[in-house]
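Please take a look at the structure below. This briefing walks through it topic by topic.

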Amino acid sequence: MSIEVEHLTKTFHAPGGDVHALNDLNFNIKTGSFVSIIGKSGSGKSTLLSQLGALDNPSKGKIIVDGQDITKLSGHKQTVYRSKKIGFVFQQYNLIPNLTALQNVMLALEFGGVKGSERKPRALKLLASVGLDADQTRRRPSRLSGGQQQRVSIARALANQPAFILADEPTGNLDSDTGQAVFKLLHDLSRQHNTTIIVVTHDLDIAGRTDHTYQLKDGKLIDYKK
Ligand SMILES: Nc1ncnc2c1ncn2[C@@H]1O[C@H](COP(=O)(O)OP(=O)(O)OP(=O)(O)O)[C@@H](O)[C@H]1O
Ligand SMILES: [Mg+2]
């Protein structure tokens, strides 16, 4: 999926005054690109991913995905866009606490319209691809480590072969070997399936190996010079 962002602005109205989280952003991302975004805490990285994923509407501007402005879609069409086109990896995992790892991934497959008999084998394969063993797939999130929960959330994001992956610090809680494995998984997706990927990271080593790195600073997006 290709993305064209024009004059994207997001202002939060907080009791202490307005917060200009995103201030007139303009950029394009080609289909199949693997892009990283870096920036200090509070610089607007998660806010930007929320707008791109239609989890929130901008104050101003356009987000044109494959020729269509997603900010203009009805609520229902935005839901379809999120569930069919996008794989989210959230900063706080957002797993369902009373479902096992396996059930969390199977639920995503159900939402994606995968038929019943195919869900379990596919979910197990996805969980194995991010390095969870059989015992771990049967545990609820509270009985997994932070890094293991993050890997479940990555498996869930990949479940419906999304055209567009938005990942907020996907390797932040992983040891360096697991982080490398997750990075490779994302990299292979962008190369083999032409998946467009935007990853927020603090890891400059990972950022340096993506196709392009942007930096968010004072509400503006600038090219990051390596
Ligand atoms: N709902 C909200 N209401 C008011 N201000 C908000 C809201 N959401 C975010 N902000 C503010 O917008 C700015 C950007 O927040 P955001 O969460 O996008 O930062 P971030 O770059 O993802 O930071 P981190 O690296 O800590 O995750 C911050 O100043 C934050 O306090
Ligand atoms: Mg954030």
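Which residues in helix H3 are buried? They are Ala-101, Leu-102, Asn-104, Val-105, Met-106, Ala-108 and Leu-109. Buried means that 20 or more other C-beta atoms, placed from the backbone, lie within 10 Å of the residue's own. The model is predicted: local features need pLDDT of at least 70, side-chain atom pairs count only at pLDDT 80 or more, and totals for chains, interfaces and linings use all residues. Residues are numbered from 1 along each chain as its sequence is written, while chains are lettered from A and ligands numbered from 1 in the order in which they are written.

**The whole chain**
- The chain has eight helices and ten strands; these are DSSP runs, numbered from the N terminus, with at least four residues (H or I) for a helix and at least two (E) for a strand.
- The radius of gyration, 17 Å, is close to the 17 Å that the globule rule gives for 226 residues, so the chain is as compact as a globular protein of that length. This radius is taken over C-alpha atoms, and the rule is 2.2 Å times the number of residues to the power 0.38.
- Along its principal axes, the C-alpha trace spans about 45 × 40 × 40 Å.
- Buried residues make up 39% of the 226 residues.

**Helix H3**
- H3 covers residues 101-111.
- Its buried residues are covered by parts that include helix H4 (116-129), helix H5 (134-137) and helix H6 (146-158).
- Just after H3, Gly-113 has a positive phi of about 85°.

**Helix H1**
- Seven of the eight residues of H1 are buried, so this helix is largely enclosed by the rest of the structure.
- Among them are Lys-45, Thr-47 and Leu-48.
- Ala-54 follows H1, with a positive phi near 55°.

**The open sheet**
- Four strands form an open sheet in the order E2-E1-E4-E5, with antiparallel pairing. Strands pair if DSSP finds at least two bridges between them.
- E2 and strand E5 (68-69) are the edge strands, each pairing on one side only.
- Strand E4 (residues 60-65) pairs with E5 over two bridges.
- Ile-64 stands opposite Asp-69 in E5.

**Around ligand 1**
- Of the 13 residues around ligand 1, Phe-12, Ser-41, Lys-45, Ser-46 and Thr-47 come nearest. A residue is near a molecule if its C-beta atom, placed from the backbone, lies within 6 Å of it.
- Strand E1 (3-14), strand E2 (17-29) and helix H1 (45-52) each supply at least two residues of this shell.
- H1 gives the largest share, three residues.

Notes. A residue is buried if 20 or more other C-beta atoms lie within 10 Å of its own, exposed if 12 or fewer, and partly exposed in between; C-beta atoms are placed from the backbone. Two residues are in contact if their C-beta atoms, placed from the backbone, lie within 7 Å.
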